[in-house]
Amino acid sequence: MKNIVYTLLIFVLLIGCKKETLDIQVYFPGSMTYGKVTAMKGNKDWIASGLALRHGDRPDEYIGIYAGTFSEEGFRRERIYFNEVPIAEGEYIVKGLTQYDGFIGTSYSTLADDGDIVEDVYISDDTRSDNRLTITEIDTVINMVKGTFHVTFILPNPAEKINPQNPDRITFSNGEFEVQLID
């Protein structure tokens, strides 16, 4: 009898402690005209269209890398930006959004409606030491940039989340990109 009570108690505790898990949404990459970005989004394969742009006020030093996905109907659903990426091969820390602080800035956002309504905006989880972006190759003849990344994003204020289907934290791991640098 004692074993049955203990078994029931453990069962009740396990049921009560079960965490709610959200199904991570994965959308479509859209046109790959200017490049492709892939990663594991949580535990799912993720493919996005991408491109690189010269950084507005320091175009000879930095670029920005963009990746985005779309709904089946072609409406924008999510986007990632990496800002102030040095135009040089190497591994860089991804942290925060402050300009010209020596780190790559980043943000991730989800979009709704026909792609013009911003839902939730995530920032990098700056407590993570594995937030990195590596430029592995820059080809200035064909304006192609290749590299890898790993970054964890958090909602700054989860209580203000607009879409309850979005997680409070999301990690993009084993990321790779090959994007055209658009002048």
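Me: Which residue in β7 does tyrosine 108 stand opposite?

Reply: Tyrosine 122. Keep in mind that this is a predicted model.

Me: What makes β6 and β7 a pair of strands?

Reply: Pairing takes at least two bridges between two strands. Five bridges join β6 to β7. So the two count as paired. They run antiparallel.

Me: How many residues lie between β6 and β7 in their hairpin?

Reply: Four. Aspartate 113 sits in that turn, with a positive phi of about 60°.

Me: How do you know that β7 also pairs with β9?

Reply: Two bridges join β7 to β9, residues 144–154. At least two are needed, so the pair qualifies. These strands run antiparallel. Isoleucine 123 has isoleucine 154 in β9 as its bridge partner.

Me: Why is glutamate 84 called buried?

Reply: Its relative accessibility is 7%. Buried means under 20%, so glutamate 84 counts as buried. Glutamate 84 is found in strand β4, residues 76–86. Its phi is positive, about 55°, although it is not a glycine.

Me: Why is tyrosine 100 called partly exposed?

Reply: Its relative accessible area is 26%. Buried is under 20% and exposed is over 50%. The value falls in between, so tyrosine 100 is partly exposed. Tyrosine 100 is placed in the loop between β5 and β6. Its phi is near 50°, a positive value in a residue other than glycine.

Me: What makes leucine 181 buried?

Reply: Its relative accessibility is 8%. The limit is under 20%, so leucine 181 is buried. Leucine 181 lies in strand β10, residues 169–182.

Me: Which residues is leucine 181 in contact with, leaving aside its neighbours within four places in sequence?

Reply: Ala52, Leu53, Arg54, Ile63, Asn143 and Val145. Contact here means heavy atoms within 4.5 Å. As for isoleucine 65, it is 116 residues from leucine 181 along the chain, and their C-alpha atoms are separated by 8.7 Å.

Me: What is the volume of the second largest pocket?

Reply: About 150 Å³. Its lining has 16 residues. Gln25, Tyr27, Thr110, Glu119 and Asn166 lie nearest its centre.

Me: Which strand gives the most to the lining of the second largest pocket?

Reply: β6, with three residues. β6 and β7 each supply at least two.

Me: How do the residues of that lining divide?

Reply: Seven are nonpolar, five polar and four charged.

Key: Residues are numbered from 1 along each chain as its sequence is written. This is a predicted model: local features need pLDDT of at least 70, side-chain atom pairs count only at pLDDT 80 or more; totals for chains, interfaces and linings use all residues. Side-chain values use heavy atoms; hydrogens and water are left out. Buried means under 20% relative accessible area, exposed over 50%, partly exposed in between (1.4 Å probe, protein chains only). On a 1 Å grid over the protein atoms alone, a cavity is a set of points where a 1.4 Å probe fits but cannot get out, and a pocket is an open set with protein on both sides within 12 Å along at least five of seven lines; lining residues have an atom within 4 Å of a point. Grid points are joined across faces, edges and corners, and a volume is the space filled by probe spheres set on the points. Ala, Val, Leu, Ile, Met, Phe, Trp, Tyr, Cys and Pro count as nonpolar, Asp, Glu, Lys and Arg as charged, and the others, Gly among them, as polar.
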